[in-house]
Amino acid sequence: MNLDDIIEYDEESTNLDFKKEEYHKNDYASLIKDISSMANAVNNEIKRIVIGVKHRPGEDKEFIGVENLTDQATLENVIQENIEPNINFKYYPYKFKNITLGIIEIYDNFDKPYMMRKDYSTLKKGDMWIRKGSRQSRVTREDLDKMFDFRKKVAFDNKVTIGFGKELKKEIYISKSDISRETFPSEVRKKELEDLIKKLDERYSINSEEKGSEPSSLAKLVLAGTDLFGEFRDSDKSIRVGYDSLTNFPVYQNKEEILNTIKNIGNIYYDNDCYYLYEENSTKFNCQIYNDGTEFLEDVKIELFFDSAIFDISEEIYEKPRTSLLLYTDTKVDYNYPMVYTDDNYIVAEYYHDQIRHKTLTDVFDEDLRILIKSNVDAKETEVKYKIGAKNLANHIEGSIKIIIK
């Protein structure tokens, strides 16, 4: 709502008061009470005293106007000499319906409570007032509690931000991934196993033609001894597929076993593929948060929102798998990695801090995110939005950083 509408239609409230005439020297006590009570009101909105308007509840406003407004410096001297701490306000003329009104605008007063610095007229040192609705009253203990709580919550307004490095830059360059499926460990191993099947087919189809019959049990026993640790094991028509990492003994499989391995290659080599993708080829991504407020942020939750059409992000950190061909060894480690999940069109990276100290540059994540920009992406840049919540924040802090794609 613009100021014209506020003047025309709004009733008196916590943030709005109407006065028929300017404050005169013999009425400066009212000026002090009116401005300090509005400054003490427990909200973060602009408060206004509109001068030159006669208004009574339930009646139409009478727009009178003001001639020759008092200079703002005069009002400032009265207020700042008698109220502590200093109150931010301005007094200016405003054209409305071909008349001039005076507007006292009270804003950005976070250092509540405001009180009398000294005695003035009927006002006594230490007196405090607060505006609630259209009424003005003395400050109570409950009011003070609310004011101090308000101070904590607005202490971080426009003072907490996320960026890159000490300078908190708002953009960073990241290259697109250039990884083909053929280079994945599962695909490499699949190709190796397919080659081994060809070797088996060549060897035993030839042997069958030459021998014409299956070797006897005794022959198998002899063959087993003669081809010990060779490439082939004729006793069961198998081939050496590798060496066990624990015992260093060769491991043999026949054609059926190899085909079964190929069938399940994605599951068997899942961790290998993930390690290759996210540890060897991803960008290790982090950014920094800076709290320029006056207090620690407490119970902090930080969320970053990545476009899922552009990014692929690991949900965990993968250790290099240590696999035995006889026995699989689980190598998962419990890292302090961000929680990563998909929400609509975004991949969300979420992390919690017990505290964010003030005046200290802090990494958003204890462990870097593992991110990849998809190879088929045409975009040249993308915005990553962030949201910061904390126990002592009145509202979430939101903003964005930019990733420029090379």
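**Figure 1. Aromatic pairs in the predicted model.** A pair of aromatic rings is described by the distance of the centres and the angle of the planes. The legends below present selected views.

**Figure 2. The tilted pair of F63 and F96.** The ring centres of F63 and F96 lie 4.9 Å apart, and 55° separates their planes, an arrangement described as tilted. This pair links distant parts of the chain. F63 belongs to strand 4 (residues 62–63), F96 belongs to strand 6 (residues 89–96), and the two residues are 33 residues apart. F63 has a relative accessible area of 23% and is therefore partly exposed, whereas F96 counts as buried because its relative accessibility is 4%.

**Figure 3. The edge-to-face pair of F306 and F311.** The centres of the F306 and F311 rings are 5.2 Å apart. Their planes stand at 75°, so the pair is edge-to-face; the cut-off for this class is an angle over 60 degrees. F306 is buried, with a relative accessible area of 0%. F311 is buried as well, at a relative accessible area of 1%.

**Figure 4. The aromatic cluster that includes F306 and F311****.** One aromatic cluster is formed by F164, F285, F306 and F311.

**Figure 5. K90 over the ring of Y107****.** This view concerns a lysine and a tyrosine. K90 is positioned over the face of Y107, at a distance of 5.9 Å from the ring centre.

Terms used. Residues numbered from 1 in each chain as written. Predicted model: local features only at pLDDT ≥ 70, side-chain atom pairs only at ≥ 80, totals over all residues. Heavy atoms only, no water. Phe/Tyr/Trp six-rings, centres within 6.5 Å; stacked < 30°, edge-to-face > 60°. Helix = DSSP H or I, 4+ residues; strand = E, 2+ residues; numbered from the N terminus. Buried < 20%, exposed > 50% of the residue type's maximum accessible area, 1.4 Å probe, protein only. Lys NZ or Arg CZ within 6 Å of the ring centre and 35° of its normal.
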